[in-house]
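Subject: Structure handover

Hello,

Here is the structure for your files. My notes on it follow below the entry.

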Amino acid sequence: MGSQNYQPIKITFMENKAKNNPYYSRTDTAKLNISKDEWKKILAPDLYAVSREAATERAFTGKYNDFDEIGEYYCAVCGNHLFRSTSKFSSSCGWPSFFEADKEGVYYKKDITYGMERVEVLCKRCDSHLGHVFDDGPKPTGLRYCMNSISLDFVPDSQK
């Protein structure tokens with residue numbers, strides 16, 4: 001992923017979706033191949049830092065960390081479906097955590113930054129960094145998807 005900034009960032013509570021993002025769709029699942037330069041023009045700086053440069057929002061600052069509404073989570077960059085709220089749980093790690101992802105929504109990549117070996121979770125449609133997955137989660141999967149709130153858009157069931 002080229003030059004990456006892995007320093008935790010403080011997320012400002014601006015709207016996740018970029019203004020005039022022509023690639024954002026909750027229905028189109030076609031793979032996107034957009035340059036970093038193009039994303040930089042479209043995305044808010046904090047969303048760009050996390051999604052395109054794999055930065056991390058500070059623990060306990062994300063809007064979905066202590067959040068328990070019923071609905072669906074989508075990629076904030078492209079609108080691809082990622083998680084159902086029924087798979088969200090309180091892990092006390094400081095980031096929203098899920099035990100199961102939409103298999104059609106994400107893919108995985110080995111991450112060996114900071115002298116650790118982790119598994120990075122990325123959006124299958126736009127390749128945005130979402131967070132990491134660990135094997136210390138609850139049943140039934142035993143997984144903990146530790147996600148950056150800024151990488152997520154939430155739509156409550158009441159708005160469907």
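Contact here means heavy atoms within 4.5 Å. The model is predicted, so local features need pLDDT of at least 70, side-chain atom pairs count only at pLDDT 80 or more, and totals for chains, interfaces and linings use all residues. Residues are numbered from 1 along each chain as its sequence is written, and side-chain values use heavy atoms, with hydrogens and water left out.

Overall layout. The protein chain has two helices and 11 strands, where helices are DSSP runs of H or I with at least four residues and strands are runs of E with at least two, numbered from the N terminus. Along the sequence the order is β-α-α-β-β-β-β-β-β-β-β-β-β. Of its 160 residues, 51% are buried (under 20% relative accessible area; exposed is over 50%, partly exposed in between; 1.4 Å probe, protein chains only). The accessible surface is about 8,300 Å², with 52% of it on carbon and sulfur atoms (Shrake-Rupley method, 1.4 Å probe; for residues, only the protein chains shown count as cover). Of the contacts between residues at least 6 apart in sequence, 61% link residues at least 24 apart.

Core. The largest nonpolar core has 32 residues, such a core being a set of buried Ala, Val, Leu, Ile, Met, Phe, Trp, Tyr and Cys residues joined through side-chain atoms within 4.5 Å. W39, Y73, F83, C126, Y145, M147 and L152 touch the most other members. Elements giving two or more residues to this core include helix 1 (36-42), strand 3 (71-75) and strand 10. Helix 2 contributes the most, four residues. Leaving out residues up to four places away in sequence, M147 touches E57, F83, W95, P96, F98, V121, L130, G131, H132 and L152.

R144. This residue lies in strand 10 (residues 144-147) and counts as buried because its relative accessibility is 12%. Its side chain makes a polar contact with the side chain of D136 at 2.8 Å (a pair of N or O atoms within 3.5 Å; within protein, one must be able to donate a hydrogen and the other to accept it, and residues adjacent in sequence count only if both atoms are side-chain atoms). Beyond neighbours within four places in sequence, R144 is in contact with F89, S91, C93, S97, F98, H132, V133, F134, D136 and G137.

D66. This residue sits in the loop between strand 2 (56-57) and strand 3, and counts as exposed because its relative accessibility is 74%.

Regards
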